[in-house]
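I set down each item as I looked it up.

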Amino acid sequence: MISFESDYNNGAHPAVLRHLIETNEEQTLTYGFDIYSEQAREKIRKACEDEEADVFLLVGGTQTNTTVIDGMLAGYEAVVCAETGHIAVHECGAIERSGHKVITLPSHQGKLDARNLERFMLEFEHDESRDHVAQPGMVYLSFPTELGTIYSSLELLEIEQVCRDHSLKLFVDGARMGYGLAASQGDVTLPWLARHTDAFYIGGTKVGALCGEAVVFPRHGSPRRFFSIVKQHGALLAKGRLAGVQFDALFTDGLYLQISQHAITMARRLRQLLMAKHYPFYIDSPTNQQFVILPNDEVARLEQQVQFTHWGPYDDEHTICRFVTSWATTDEDLAQLQAILG
C-alpha cells in the first residue's frame, strides 16, 4: 500500500529529526523561551525581512486559526472567508465555539474574490440593522487554498485594499505555506506577506515537522497579551523547544523551501501520470494537492493498493479524488503508482 492521502502522514524530515535528537539531552527553558525557539524566531524574521515581526510557535493549525482569530477580534466581531475556507468546513466549528461568526462568500477556484468582498462590505455598511448583527472584523485566506490553488500578488493586493478601505484585518492561513511559495506560477513570498498582511502563519506540521506552526505578526503587530491568549486556547507547548528546534532546522540553509520544492516536483510528475491515463482534473492546481475525477469502479480498484482521499461525488458514476505529495514522496512511490495505474 502506498499513500498519497495527505502531506502529514509521515514523521519528521530527517534533518528536523536529527536536530531533535542532537538537542535531546540539553536542559532548556520552557514555554518557548529556550535558545532554539529564539533562534527559530530570528531566522523567520530574517526570512520575512521584518526584524520587528512578532513570531509565536503554536502546536497545530486549528489551534492557530482559533487563537489568532480570537486574539485579533473583539467579542462581537466576525471573520469573512470563502465558502471553501478551512475554518468554515474542516475545523468542527472551532471558530464559532470561540464566539466569532464565520461569514462565507462565494468561492472561485477555492479563492475569495475582492469584488465579492467589496460588495458584501458595502451592503453591510448600508444596512440599517447592521448594529444588530455580527460585525465583520477580519478576512481569512488560505495560501494555498483548500483546493490547492494560489493567490497571485495582484489578487491579494486587491483584497488587501478592500480590507484597508473597510477597516478589516487580513489573516493568511499558511498550513501549506511552503507548497504555495514553491509553486512555479506563484509570485508571493514571505517578505511580501509581511508587508501586506496583519498576520499569517508558516505551517510546519504539513511541511516537514512533527508538529507546529509559526505565527507571524508583522511590524510588532501582535495582539496585547497574545502569549496569554495562546495559553488560554491550549495552543502553548510546555516543552516549547519541540517547536523551536524543528523550526530552527526548517529555516537553516533554506530547508523549508527546498523540501517544499521537492513536493511540487513530485506533484508535477504525479499529474503527468494521471494525465497519461486521460483522467480529467476537477481543478487546475499548481501545488502539491491534485484533484482528479475517477470512475467509481476505478476508485474501487485503486484503493486496494493506494491511499488517497475521496473528496466528494462528481456525479453518479464519478468521484473527485485528491492525491497529495509531500516532502517525503519518493521516486519509488511514483513508480509504484504508475505500475498500479497500468
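I looked up Glu-49 and recorded 63% relative accessibility, so Glu-49 counts as exposed; exposed means over 50% relative accessible area, buried under 20% and partly exposed in between, with a 1.4 Å probe and protein chains only. Glu-49 has a positive phi of about 55° although it is not a glycine. I placed Glu-49 in the loop between helix 2 (35-48) and strand 2 (54-58). Helices (H or I, at least four residues) and strands (E, at least two) are DSSP runs, numbered from the N terminus.

Basis of the entries. The model is predicted, so I note that local features need pLDDT of at least 70 and side-chain atom pairs count only at pLDDT 80 or more, while totals for chains, interfaces and linings use all residues. Residues are numbered from 1 along each chain as its sequence is written, and side-chain values use heavy atoms, with hydrogens and water left out.

Arg-225 belongs to the loop between strand 10 (213-217) and helix 10 (226-232). Its relative accessibility is 58%, so Arg-225 counts as exposed.

I looked up the two axes, which come within 7 Å and cross at roughly 45°. Axes are lines fitted to C-alpha atoms, for helices over the stretch in contact, and angles run from 0 to 180 degrees between N-to-C directions. Helix 2 and helix 11 are therefore oblique to each other; angles under 35 degrees count as roughly parallel, over 145 as roughly antiparallel, 65 to 115 as roughly perpendicular and the rest as oblique. The crossing of helix 2 and helix 11 is left-handed, meaning that the near helix is turned anticlockwise from the far one by less than a right angle; clockwise is right-handed. Helix 2 contributes Tyr-36, Ser-37, Gln-39, Ala-40, Lys-43 and Ile-44 to the contact, and helix 11 contributes Arg-241, Gly-244, Val-245, Phe-247 and Asp-248. Contact means heavy atoms within 4.5 Å.

I recorded that the axes of helix 1 (residues 14-22) and helix 11 (residues 241-250) come within 9 Å and cross at roughly 130°. That angle makes helix 1 oblique to helix 11. The crossing of helix 1 past helix 11 is right-handed.

I found that the axes of helix 6 (residues 114-125) and helix 7 (residues 153-165) come within 9 Å and cross at roughly 10°. Ala-114, Leu-117 and Glu-118 of helix 6 meet Glu-158, Ile-159 and Val-162 of helix 7.

Which residues of helix 7 are buried? I listed Ser-153, Leu-156, Ile-159, Glu-160, Val-162 and Cys-163. Their cover includes helix 6, helix 9 (190-196) and strand 8 (169-173). Just after helix 7, Ser-167 takes a positive phi of about 55°.

Pro-144 is in the loop between strand 7 and helix 7.
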